[in-house]
Amino acid sequence: MSELVQIVDSFENKISKLLHRMEVLHQTNLKLEKELVSVKNEKEGIRNSVLEWEEKYNSLKLASSMLGSNTNKTEAKLKINTLIRELDHCIAQLSE
């Protein structure tokens with residue numbers, strides 16, 4: 001009978017340890033999930049910032065080429081032609 005009590009005590013001890021470990025892992029998992037959400041939000045903010053800076057860079061490059069910079073004249077001409085085509089398309093739609 002004593003052996004049976006020891007076996008039961010041993011099982012209780014092991015189950016208690018497993019439950020404690022499960023709780024610790026659950027808390028760690030929650031912490032990691034919060035951290036993941038935080039990192040995703042930070043990544044999205046950085047991505048938006050990069051897109052904003054790319055737009056500013058492209059605008060500056062276009063303005064520079066329109067002011068007489070030789071390096072981007074063809075790009076400026078292509079952009080102007082695209083804008084003119086878009087305007088022509090809009091005018092055509094309005095006249096219909």
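Is Glu-44 buried, partly exposed or exposed, and what is its relative accessibility? In this predicted model, numbered from 1 along each chain as its sequence is written, local features require pLDDT of at least 70, side-chain atom pairs count only at pLDDT 80 or more, and totals for chains, interfaces and linings use all residues. Side-chain values rest on heavy atoms, with hydrogens and water left out.

Glu-44 is partly exposed, at 39% relative accessibility; the class lies between buried (under 20% relative accessible area) and exposed (over 50%), with a 1.4 Å probe and protein chains only. Glu-44 pairs with Arg-47 in a salt bridge whose closest N and O atoms are 3.5 Å apart, the term denoting a side-chain nitrogen of Lys or Arg within 4 Å of a carboxyl oxygen of Asp or Glu. Arg-47 is likewise partly exposed, at 46%. Because the two residues are 3 residues apart in helix H1 (residues 2-66), about one helical turn separates Glu-44 from Arg-47. Helices are DSSP runs (H or I, at least four residues), numbered from the N terminus.

Lys-56 and Glu-52 form a salt bridge with closest N and O atoms 3.7 Å apart, and both lie in helix H1, 4 residues apart, about one turn of the helix. Lys-56 is partly exposed at 43%, as is Glu-52 at 45%.

Ile-7, Phe-11, Ile-15, Leu-19 and Met-22 make a nonpolar surface patch of about 530 Å² (residues with over 30% relative accessible area and no salt bridge; like charges joined within 9 Å, nonpolar side chains, namely Val, Leu, Ile, Met, Phe, Trp and Tyr, within 5 Å; areas by the Shrake-Rupley method with a 1.4 Å probe, only the protein chains shown counting as cover for residues). Leu-19, found in helix H1, is partly exposed at 49% relative accessibility.
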